[in-house]
Amino acid sequence: MTSKAAVSKKVVIFGNGKFAELVGYLVQQDSEYEVVAFTVDRPFIDSDRLLDVPVIAFDEVTDHFPPESYQMLVALGYLQVNGLRERKYTEAKELGYQFISYVSSRASTWPNVHIGENCIIFEQAVLQPFSSLGDNVIVRSSAHVSHHVRVANHAFISAGVTIGGGTTISEFSFVGLNATVRDNITIGPKCFVAAGAAVIADTEDDGLYIGVPAKRHPKPASTMDL
Amino acid sequence: MTSKAAVSKKVVIFGNGKFAELVGYLVQQDSEYEVVAFTVDRPFIDSDRLLDVPVIAFDEVTDHFPPESYQMLVALGYLQVNGLRERKYTEAKELGYQFISYVSSRASTWPNVHIGENCIIFEQAVLQPFSSLGDNVIVRSSAHVSHHVRVANHAFISAGVTIGGGTTISEFSFVGLNATVRDNITIGPKCFVAAGAAVIADTEDDGLYIGVPAKRHPKPASTMDL
Amino acid sequence: MTSKAAVSKKVVIFGNGKFAELVGYLVQQDSEYEVVAFTVDRPFIDSDRLLDVPVIAFDEVTDHFPPESYQMLVALGYLQVNGLRERKYTEAKELGYQFISYVSSRASTWPNVHIGENCIIFEQAVLQPFSSLGDNVIVRSSAHVSHHVRVANHAFISAGVTIGGGTTISEFSFVGLNATVRDNITIGPKCFVAAGAAVIADTEDDGLYIGVPAKRHPKPASTMDL
């Protein structure tokens with residue numbers, strides 16, 4: 001255990017796109033963790049280096065960076081309404097990895113805020129007292145998660161979003177850039193709230209919501225070409 | 001006077017709902033003040049403790065926490081277009097209480113910003129130089145009060161709001177979550193700007209404004225079921 | 001050179017309106033620079049003092065504050081879709097002035113962010129890693145410039161704006177209060193995005209965009225009465 005604790009500050013990041021590059025840079029600049037490698041599924045490797053560390057295929061990650069000695073951070077965005085990030089998180093978990101969460105030193109949190117594993121919280125994000133985040137949640141820069149808000153597993157809160165007090169964001173839901181979600185409502189599972197939308201009532205599952213105030217679009221969120 | 005100054009760091013908070021709980025927690029965590037009790041009108045007491053301090057009826061608050069030795073902070077939200085908060089603030093003032101203002105250590109202010117009494121300014125709120133707030137004003141997290149803005153008594157600026165330079169927000173007005181108010185305009189008294197709305201021209205008194213750009217709704221703000 | 005370096009912390013600000021007053025105050029309060037004067041074109045002088053320093057005519061600025069010994073900061077807003085600020089910046093450059101950039105100590109930047117000359121970055125603005133700003137760019141308070149965003153010369157990003165990752169804001173464009181610009185798109189040159197608008201696709205040059213989602217207005221941006 002001592003040995004494990006000693007090495008567990010070394011992290012492998014899942015992803016090699018611009019979002020993973022961003023997260024890798026921030027973890028390097030602004031955390032206690034050392035990024036030792038990026039990993040992705042073999043067909044997606046287009047360069048063997050990123051941010052001066054190796055990019056290796058996920059099917060051999062345990063050979064080079066075994067879960068006994070390294071932690072993981074899955075830094076994928078909202079592709080497939082967060083489904084891709086959930087799958088890779090689950091696959092890495094099944095391999096035995098533990099996960100870090102990265103909370104920017106410039107985010108605002110309080111002692112009673114709960115943050116799960118494999119969460120990524122960016123600069124100037126606000127997590128108010130009595131809020132909680134599940135696992136595998138992303139809160140982008142300058143987003144506001146108000147008091148008594150609950151964000152469930154695998155959700156993605158985009159930059160500039162404002163979520164009012166007491167609201168629930170259910171699993172897999174995506175809230176787009178600078179969108180607004182009123183206080184004391186529930187965003188159902190797997191919803192997609194479009195950029196700039198203002199949701200002022202509970203939403204149905206798998207719904208795509210657009211406009212101010214937001215209305216449900218006939219297309220289900222899960223059919224979106226993301 | 002010495003004695004009064006010595007005890008005046010002890011504060012009673014008016015309110016026992018989620019908003020008061022939030023404010024109480026923040027004052028405990030992030031100010032020089034000690035929260036000694038919550039107080040509300042007797043019919044609204046549903047528990048005799050909140051955040052580990054007593055909740056007492058307002059009709060006996062002066063017995064336990066006299067205004068000579070304790071200050072007050074009325075932590076009510078925007079109910080009745082801020083009318084409830086104004087009434088309780090006035091009642092407490094008539095009992096002889098002085099009021100603190102809570103300004104989060106994570107808000108951004110400058111020496112020439114004026115902040116009245118019984119104001120509550122949350123994390124990441126920005127009060128730019130040459131702005132001023134009257135008394136009993138609330139500015140929620142991540143709201144932006146630009147340069148040369150004047151916010152009058154009893155107004156409520158919600159989370160994520162952006163107010164452009166030189167604008168006036170008149171008494172009792174409410175600006176909803178992530179709404180936008182253009183520069184150099186006047187929001188009249190007792191207006192209600194809906195979540196996500198963008199107001200780009202002066203508004204009429206008691207007006208309800210919705211949409212981008214915002215239009216006046218036929219219903220007066222004062223009839224809203226808040 | 002030593003002598004020049006020694007005096008180059010003294011700055012003349014071009015402008016004498018409320019925006020220049022704001023910038024002057026912030027530079028005084030929150031930078032290593034000393035504001036020694038304001039300068040504007042002679043017909044616009046309405047007072048010979050501002051913030052306790054002289055206001056002098058631009059046609060005599062080199063007599064009193066020669067470019068060998070003083071730097072310049074052009075603190076004009078978005079008049080004429082940023083055209084006025086560009087012209088005065090160019091005129092000052094032709095006189096031989098070097099320019100400072102003011103980056104608020106309360107803005108969030110990272111080592112790999114590029115910021116050009118004569119830029120002004122306000123409180124709580126976020127410039128994410130891998131973003132870059134050209135010259136003569138203004139980023140107002142609480143605006144979010146996401147990762148891999150490029151903001152070209154002479155652009156103006158208003159307070160509360162959210163710009164998604166990988167997007168390009170072209171020269172002279174103006175993005176209004178609390179507007180949203182989606183990730184991975186291009187705002188063409190000299191565009192005007194209205195307050196609260198949400199732009200979710202590439203825009204045409206000189207276009208005026210309004211609403212959520214934003215649509216092009218028939219009027220060109222350059223005809224706006226700003």
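**Domains and chain contacts**

Guide: An assignment divides chain A into domain 1 (9-95) and domain 2 (102-212). Please keep in mind that this is a predicted model.

Visitor: How far apart are the centres of domain 1 of chain A and domain 2 of chain A?
Guide: The two domains touch, with 21 residues from domain 1 of chain A and 22 residues from domain 2 of chain A in the contact. Taken over C-alpha atoms, their centres are separated by 23 Å.

Visitor: What share of the area buried between domain 1 of chain A and domain 2 of chain A comes from carbon and sulfur atoms?
Guide: Start with the total: about 1,700 Å² is buried between domain 1 of chain A and domain 2 of chain A. Of that area, the share given by carbon and sulfur atoms is 64%.

Visitor: Which residue forms a salt bridge with A:K93?
Guide: Between domain 1 of chain A and domain 2 of chain A the count is 1 salt bridge. The closest N and O atoms are 2.5 Å apart, and the partner is A:E117.

Visitor: Which element gives the most to the side of domain 1 of chain A that touches domain 2 of chain A?
Guide: Across this interface there are 11 residue pairs in polar contact (both at pLDDT 80 or more). On the domain 1 side, α2 (18-30), β5 (71-74) and α4 (83-94) of chain A each supply at least two residues. The one that gives the most, with 6 residues, is α2(A).

Visitor: How many residues of that domain 1 side are nonpolar?
Guide: The side of domain 1 of chain A that touches domain 2 of chain A also holds 4 polar and 4 charged residues. The nonpolar count is 13.

Visitor: How much of the area buried between chain A and chain C is on carbon and sulfur atoms?
Guide: Here 26 residues of chain A are in contact with 27 residues of chain C. The buried area is about 2,000 Å², and the part given by carbon and sulfur atoms is 61%.

Visitor: How many residues does α2(A) give to the side of chain A that touches chain C?
Guide: The count between chain A and chain C is 0 salt bridges, while 12 residue pairs are in polar contact (both at pLDDT 80 or more). α2(A) gives the most to the chain A side, and its number of residues is 8.

Visitor: How many charged residues are on the side of chain B that touches chain C?
Guide: Chain B and chain C have 0 salt bridges between them and 12 residue pairs in polar contact (both at pLDDT 80 or more). The chain B side has 11 nonpolar and 14 polar residues, and its charged residues number 2.

How values were computed:
Residues numbered from 1 in each chain as written. Chains lettered and ligands numbered in written order. Predicted model: local features only at pLDDT ≥ 70, side-chain atom pairs only at ≥ 80, totals over all residues. Heavy atoms only, no water. Salt bridge = Lys/Arg side-chain N within 4 Å of Asp/Glu carboxyl O. Polar contact = N/O pair within 3.5 Å; in protein donor to acceptor, adjacent residues only side chain to side chain. Nonpolar A, V, L, I, M, F, W, Y, C, P; charged D, E, K, R; others polar. Domains from an automatic or database assignment. Contact = heavy atoms within 4.5 Å. Buried area = accessible area lost by both parts, 1.4 Å probe. Helix = DSSP H or I, 4+ residues; strand = E, 2+ residues; numbered from the N terminus.
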